[in-house]
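Here's a quick tour for anyone meeting this structure for the first time. Take a look, then read on.

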Amino acid sequence: MKFFEEAGQYFILLTKVFAKPEKYILYYRQTVKEVEKIGLNSFGIVVIISIFVGAVITIQTNYNLENPLLPRYLVGVTVRDSLLLEFSSTMVALILAGKVGSSIASEIGTMRVSEQIDALEIMGVNSASYLILPKIIAAMFFFPILSLLSMFVGIFGGYLTCILTDILLPSDYIYGIQYMFYPHYISYSVTKVVFYAFIIVTISSYQGYYAEGGALEVGRSSTKAVVYSSILVLLANLILTKLILS
Amino acid sequence: MIEVKHLTKKFEDKTVLDDVSITFEQGKTNLIIGQSGSGKTVLLKSIVGLHTVDQGEIWYDDRQYNSLNFKQKKEIRKEIGMLFQGAALFDSSTVEENVMLPLDMFTEMSYKEKLSRVNFCLERVNLTEVNSLFPSEISGGMKKRVAIARAIALNPKYLFCDEPNSGLDPQTGIVIDNLIKNITEEFNITTIINTHDMNSVIEIGDKVVFIYEGKKIWEGSNQEIMKTECKELNEFVFATNLAKKLRENP
């Protein structure tokens, strides 16, 4: 019963979020700020994780393909497909659910418990739209860029591993990266990330917007935001993969 | 003028406001007093529409607020200024941006005009050279003054203050009280203040309403409150030793 109540409340919040903005210029300014807060500030973590994951996938794949009957370039193919199909979309989304989701829930939750949202409402401002819509737009615009960045950096991480160790010739790796490349993989990945961005921002905002009480409850809403958005990202991954790849 | 008629508000089975009727007059500081948990904040938040009421009517001059749709309520809200207990300034915005937000949102002024209005409001609350500071960089009293400046930015007809002195030292509390009183008289605003600070009652209470266990049991002026026969009100007003001594030796 509580699930249906929360689901209903979530969709009511979405109708408030997508109401006509009071002033477009203010929303535009907020969106630019959010691009910096939830997009540019996530660059570092995405780069660091992607480079290491690219390197590790290269080493692991090479270890598993140590068979003279298998061509060496298959390592590059596997690294590329792993990154493009799953890591740079879903895994990066899960990382962002942790970083961005908790930040959004605690920011909006703190605004709720310190009556800043009430202050906006009293002014006649649609607080849900003013606070959440710019975050949704910023995330849906910027998460795909982070995903593309993760693909490049991950592949580069694998290439660095080839150069710094002697497990694989860089030329074999590069050949594998280019071998039977389907550009559709990128559009598939980017499509998924756009959906993930929506899920992460709206679920986290919902948790923060309806936070009640004090610091403890804001902390709880932040944890819930990460857990629920991660589960929904995985569910969306399953559904979108079935829809797009079959 | 704001009129509340037979207001009842329940949270699940608990009745927090029980058949409350009050008239708040224009150009006067109307004080709602009562113990913690008596229903003062719920009453204030019900009047501004942050809580929906179960029964009763709320009138802003000739407009019945609680029967209006969302769009119509929004129009009235543009005429409302509110000072929250914790000031409720936006942490990520500077003082100037905080005061400018309502102007940005609801006026077509140029930046120069908005800045001039912001500076006027800040000067009105005796604040200068704080435009570029963030709320975390100013004191509690200054935060309240910025919140008042933000509340009056759009020339409100109605001003609501939820415990404006809480967390402030007595001297700063008096400054805030006087500021609210002066602004109310200067701009002929209907001001409603929620407080349990007896100094505010004595100093600025043009009209005082006492809420006890969700019911209005007394109303009068700050002069009448000292001579009242109402037992619950006397227990509240003369709760401190200092007040008791003053009553014994006026």
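## A hairpin in chain B

Two strands pair if DSSP finds at least two bridges between them. Strands (E, at least two residues) and helices (H or I, at least four) are DSSP runs, numbered from the N terminus. In chain B, strand E9 (residues 207–212) and strand E10 (residues 215–220) pair up antiparallel, with 5 bridges. Phe210(B) has Trp218(B) in E10(B) as its bridge partner. E9(B) and E10(B) make a hairpin with 2 residues between them, and Glu213(B) in the turn has a positive phi of about 50 degrees.

## Before going further

This is a predicted model: local features need pLDDT of at least 70 and side-chain atom pairs count only at pLDDT 80 or more, while totals for chains, interfaces and linings use all residues. Residues are numbered from 1 along each chain as its sequence is written, and chains are lettered from A and ligands numbered from 1 in the order in which they are written.

## Where the chains touch

How many residues does each chain bring to the contact (C-beta atoms, placed from the backbone, within 7 Å)? Chain B gives 15 residues and chain A gives 13. On the chain B side, the elements giving two or more residues are helix H2 (70–77), strand E6 (80–83) and helix H3 (95–106). H3(B) supplies the largest share of that side, 4 residues.

## Two helices in chain A

Helix H4 (residues 74–113) and helix H8 (residues 184–209) of chain A have axes (lines fitted to C-alpha atoms over the stretch in contact, with angles from 0 to 180 degrees between N-to-C directions) that come within 8 Å and cross at roughly 20 degrees. That makes H4(A) roughly parallel to H8(A), a label for angles under 35 degrees.

Note on methods:
Two residues are in contact if their C-beta atoms, placed from the backbone, lie within 7 Å. Angles under 35 degrees count as roughly parallel, over 145 as roughly antiparallel, 65 to 115 as roughly perpendicular and the rest as oblique.
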